[in-house]
Amino acid sequence: PDELKANMKIKSITPRPPRKPRLERAASLDEKSWRRWRRFRTSQESLTDPNETSSSNGSLQEASLSPPVRGRASPCHQCVQQNSLHSSPDASEASPLGKSRGGTSDLGKRASEISSAFGGLLRGKAFAGGKPRLSQIMPARPLPPMELNVASHTLRTANRIDSDYMDYRHYSQHKFGKVSSSLSDTRLHGNGMVYDNCSTDSMKSTFSLLTPIRSKDVRSRSYLEGSLLANGALLGAEELSKYFPDRNIGIFVATWNMQGQKELPVNLDDFLLPTDPDYAQDMYVVGVQEGCPDRREWEIRLQETLGPHYVMLYSAAHGVLYMSVFIRRDLIWFCSEVEYATVTTRIVSQIKTKGALGICFTFFGTSFLFITSHFTSGDSKVNERKLDYNKTIQALTLPKNVPDTNPYRSSSSDVTTRFDEVFWFGDFNFRLNKDRETVDSILNQNTGTDVSKLLAYDQLTSEMSRGSIFKGFQEADIHFRPSYKFDIGKDSYDTTSKQRTPSYTDRVVYRSRYRDDIHAVKYSSCPVIKTSDHRPVFALFRVKVRPGRDNIPLAAGQFDRELYLLGIKRRITRELQKRQEQKDQKSSSVCSVS
């Protein structure tokens, strides 16, 4: 016995009292039956699963480091025998398994190996093979197709890759690799972060969002070929579709009689950037009658309000008639040279207060003409205003160098027939043929946007219906109150001794060579600007644009750079002042003296 004990190296074990039973919540009959059904169901699926590579017993056999021992029926049987060996020395002497294992230390190692095998099985992988043990779950029916490209149709079209560069993804990956330290599209492709068409379409260049250009295309591309549809034409259909997929441009047209006031409004946001449309327009054209003495200050205020996304393409003046054309800075390359002309209708006046100013240019393949006018004033001078109109269309000599896009439909006696899209706006001075009391009564009865009763007395509407003025022109529906004549700084109409009748003197009309090219989106006034006896009137349009030829005289990106810098500087200064005022307001405190 002493020799046997020395060989087995069995340590003495101090018996311990049994542990107290842990109290658990008694399960109901429903829970017990559900658990039994769940265990049976799981074991049945495991036995009948054809995708299962091996059974749990087989995985445990793979995990074993020695050949199977005779007399071992299951891992549970082995665990029981290990417990018996630890609890009784006599049992260890009589057990053949204990002899074959060489002691409790070997049995402890095998117990840890079996537990690790069970852990690997629960994690879905076998101990040795590393293969997933759980079967793949397949849906009962085919899943519906999912749209990975979440961008809108307009954005996908605008950011699409050129047909010449459809192999861009492979080209950028193999040619450049990961050379950029920033999160460029090349790195995103390499890291697997970009996987849908939307991201690929948005990142059209290797290092920027610009459309990639091959070196051979730069060598061969010419912008003076006069091509309309050729690949690479600057004003062609391909380039037009990149910027305007639906071939419609947004234009803001406004007119305002300033009454020669030196004081300018504190804020022009409500005038130029109304909150009703969600997006700003592509082009802003503002005409002023009886403009302020400092014309440059007015233009700086316009640039400051529109911000760095817009540049002033052109501006002109005729006496106190001003017109400014702003366009998005990305679009200045697609404009022709800008031309202007003037007409004076009151020759005897030293200061040109009455007359017309016209600005024209071609954008892609569509020619535009903008005219701002100030016709003769007076309630009964309708014929004089019609003479002003006739003199303007005959004496306005445009275009000069820019070719007519459709000379077969032009007339030498009417300047408005020589352009595709014409916008005429200004203080036309047409009045309401009704006394002040009647007009006030109608305005008090209809406080909303229904002004149809007033328009029944409008002189311009009556003359246009007869065809005696603005032939071929249209005007959007009016749903705003008369823009003339207000008391300065107030919302009340003329309260002086003259008691002038409120009228729609400020108007915006338009015409087109082609039917349905111009769509009026909004036509309204700006009642918050009260520095003049007139309220500004503006209109928003969607205008169809056609591709053009590259043989026209191009503006080549020309704009007023000095004005741009002054406007941006003024905008930054205003923002800093606003922040300083907010900071001072927070840090200030009120002291009371008792």
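1. Is Gln474 buried, partly exposed or exposed? Gln474 is partly exposed, at a relative accessible area of 46%. The model is predicted, and this value, like the others here, is computed from it. Gln474 sits in the loop that runs between helix H19 (459–466) and strand S9 (506–512). Leaving aside residues up to four places away in sequence, Gln474 touches Met464, Val509 and Tyr510. From Gln474 to Met464 the C-alpha to C-alpha distance is 8.7 Å, with 10 residues of separation in sequence.

2. The overall picture comes next. The chain holds 20 helices and 11 strands. It has 594 residues, and 42% of them count as buried. Among contacts with a separation of 6 or more, 70% join residues 24 or more positions apart. The accessible surface is about 35100 Å². Carbon and sulfur atoms supply 52% of that surface.

3. Now the nonpolar cores. The largest has 53 residues, and the members touching the most others are Phe363, Phe370 and Phe423. Take Phe363. Beyond four places in sequence, Phe363 touches Phe244, Ile249, Ile327, Leu331, Phe334, Cys335, Phe368, Val545 and Arg546. There is also a second, separate core of 25 residues; Met258, Val286, Ile300 and Leu563 are among its members.

4. The buried residues are Trp298, Glu299, Ile300, Arg301, Leu302, Gln303, Glu304, Thr305 and Leu306. Their cover includes strand S1 (248–257), helix H14 (269–272), strand S2 (283–289), S3, S4 and H20.

5. Look at both ends of H15. At its start, a side-chain oxygen of Asp294 comes to within 3.4 Å of the backbone nitrogen of Arg296. After the helix comes Gly307, with a positive phi near 85°.

6. Arg301 and Glu304 form a salt bridge, with closest N and O atoms 3.8 Å apart. The two are 3 residues apart in H15, which puts about one helical turn between them. Arg301 counts as buried at 13% relative accessibility. Glu304 is buried too, at a relative accessible area of 6%.

7. What covers the buried residues of helix H20? The cover includes helix H15 (295–306), strand S3 (310–318) and strand S4 (321–328). Leu563, Tyr564, Gly567 and Ile568 are buried in H20. At the start of the helix, a side-chain oxygen of Asp560 reaches to within 3.4 Å of the backbone nitrogen of Glu562.

8. Asp560 is in the loop between strand S11 (537–544) and H20, while Arg296 is in helix H15, so the bridge ties together parts that are 264 residues apart in sequence. Arg296 is partly exposed, with a relative accessible area of 28%. Arg295, Arg296, Glu299 and Asp560 are linked in a salt-bridge network.

9. The whole structure has 24 salt bridges. One further pair is Arg431 with Asp379, where the closest N and O atoms are 2.8 Å apart. This pair links distant parts of the chain, 52 residues apart. Arg431 lies in the loop between strand S8 (421–427) and helix H17 (436–445). Asp379 lies in the loop between strand S7 (366–374) and helix H16 (382–395).

How values were computed
Residues numbered from 1 in each chain as written. Predicted model: local features only at pLDDT ≥ 70, side-chain atom pairs only at ≥ 80, totals over all residues. Heavy atoms only, no water. Helix = DSSP H or I, 4+ residues; strand = E, 2+ residues; numbered from the N terminus. Buried < 20%, exposed > 50% of the residue type's maximum accessible area, 1.4 Å probe, protein only. Contact = heavy atoms within 4.5 Å. Areas by Shrake-Rupley, 256 points an atom, 1.4 Å probe, with all protein chains shown as cover. Polar contact = N/O pair within 3.5 Å; in protein donor to acceptor, adjacent residues only side chain to side chain. Core = buried A, V, L, I, M, F, W, Y, C linked by side-chain atoms within 4.5 Å. Salt bridge = Lys/Arg side-chain N within 4 Å of Asp/Glu carboxyl O.
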